[in-house]
Amino acid sequence: GLIFYDTKVTVMNRVLNATVQRTADHAAPEITLDPLEIVGGEIRSSENSYFCQAARQLGCVPSSQLCEFSREQRNVSIVFPLSFPGGSFRHFLWQVCKELQSSSLSLLLLCPSSAVNKNKGKYILTPSPITYAEEQLFHFFGQLLGIAIRADVPLPLDLLPSFWKTLVGEPLDPDVDLQEADILTYNYVKKFENISDETELEALCAEIASQHLATESPDCPNKPCCKFTYLSLTGEEVELCPRGRHIPVGWENKDVYAAAIRSLRMRELQTPECMTAVRAGLGSIIPLQLLTTLTPLEMELRTCGLPYINLEFLKAHTMYQVGLMETDQHIEFFWSALEMFTQEELCKFIKFACNQERIPFTCPCKDGGPDTAHVPPYPMKIAPPDGAAGT
């Protein structure tokens with residue numbers, strides 16, 4: 001936290017330049033994506049998604065062929081066998097992120113707090129044992145993060161801070177991160193931790209029983225009680241300890257029960273198996289040592305940019321060509337129109353202009369040094385219409 005973000009980016013760019021393994025003399029690996037596999041925007045099978053099509057083809061390509069840093073090139077050459085509008089590298093990344101945050105793929109899971117409008121639309125890695133095929137997909141997901149960093153094309157991914165913390169190796173906060181990811185479980189745990197007497201415990205068990213989460217006590221048939229089980233993030237009932245289904249929660253072990261639930265959720269948020277595969281994929285594209293300099297938020301900004309469009313920042317990095325000036329009336333009209341856009345409409349404008357929904361957090365085009373590059377949409381260029389002059 002003692003080093004400025006711009007300084008870190010400069011160092012990162014130098015390291016990325018120094019670790020280029022594919023130069024401009026070598027063509028990018030080529031993959032062929034069939035848009036007919038996705039009919040009407042619907043993915044009939046996850047195997048037909050762009051993500052899985054690309055993962056299958058790039059799985060046979062040495063990762064060194066994906067390590068380039070010339071922003072004039074692209075890490076991967078995308079070929080569409082049929083006429084396909086917007087068929088480009090950026091459109092491919094946008095489409096893949098859209099798939100990742102949909103029900104068509106099971107790598108990411110909507111965080112439970114979304115159900116009560118907290119962190120709505122934020123995702124976490126799906127916490128479950130993974131097969132070899134799923135491990136390969138998580139590996140490819142990590143490679144996509146690295147490709148986006150090298151190409152400086154922000155990925156429109158909305159992931160919880162706990163993902164970025166785990167990715168850069170920072171420990172999770174048992175209170176803050178649990179509350180961010182699953183506020184219902186957080187409140188449930190807090191109720192058990194703050195009970196002051198057995199009467200309150202009975203009342204809480206009765207409340208849980210009314211929600212069909214508790215069973216009757218074996219000692220007192222009419223007295224509801226909880227057992228050492230809880231629902232995982234994927235909706236499966238799991239035992240919090242050996243024979244947990246047969247152990248009732250009482251005054252003596254209520255704190256152990258609360259701690260076991262918290263521990264379950266923290267393990268699920270860390271998802272060590274999935275995260276190991278993601279880091280392995282990322283490490284095949286960029287040196288993982290770079291992550292030690294970045295905070296979780298900085299890693300997110302470097303990979304995904306800002307989730308909103310800063311119009312003043314965009315205006316400050318716009319060039320006017322062939323005699324146009326910022327004070328021209330139609331230019332002023334243009335900016336006035338954009339100022340009336342919602343954030344959703346501004347994202348669509350950026351998508352229309354350069355085939356990506358987000359813009360990089362910083363603009364290196366102002367320096368022109370060896371560690372900088374012109375990265376769309378910077379500088380945005382406004383030019384007069386082609387052809388004869390008209391109104």
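Analyst: Start with the lining of the largest cavity. By class, this lining has five nonpolar residues, two polar ones and no charged ones. The model is predicted. Which residues line the largest cavity? They are I124, L125, S162, F163, L269, T271 and M275. Two elements, strand 6 and helix 5, each give two or more residues to this lining. The largest cavity holds about 40 Å³ of space. The structure has one cavity of 30 Å³ or more.

Now look at the packing.

Next comes the largest nonpolar core. This core has 54 residues, and F51 and F141 have the most contacts inside it. Several elements supply at least two residues each, among them strand 6 (123–125), helix 4 (132–151) and helix 5 (161–168). Helix 4 gives the most, with ten residues. In soluble globular proteins, nonpolar side chains tend to be buried together. A second, separate core has 18 residues, including F192, L201, L204 and L264.

Finally, consider L291. This residue sits in the loop between helix 10 (272–283) and helix 11 (296–304). Is L291 buried or exposed? L291 counts as buried because its relative accessible area is 3%, and the cut-off is under 20%. Beyond its neighbours within four places in sequence, L291 contacts L167, V168, R279, L282, I286 and M299. L291 and L167 are 124 residues apart along the chain, yet 8.2 Å separates their C-alpha atoms.

Conventions:
Residues numbered from 1 in each chain as written. Predicted model: local features only at pLDDT ≥ 70, side-chain atom pairs only at ≥ 80, totals over all residues. Heavy atoms only, no water. Helix = DSSP H or I, 4+ residues; strand = E, 2+ residues; numbered from the N terminus. Buried < 20%, exposed > 50% of the residue type's maximum accessible area, 1.4 Å probe, protein only. Contact = heavy atoms within 4.5 Å. Core = buried A, V, L, I, M, F, W, Y, C linked by side-chain atoms within 4.5 Å. 1 Å grid on protein atoms, 1.4 Å probe; cavity = no way out; pocket = protein on both sides within 12 Å on 5 of 7 lines; lining within 4 Å. Points joined across faces, edges and corners; volume = space filled by probe spheres on them. Nonpolar A, V, L, I, M, F, W, Y, C, P; charged D, E, K, R; others polar.
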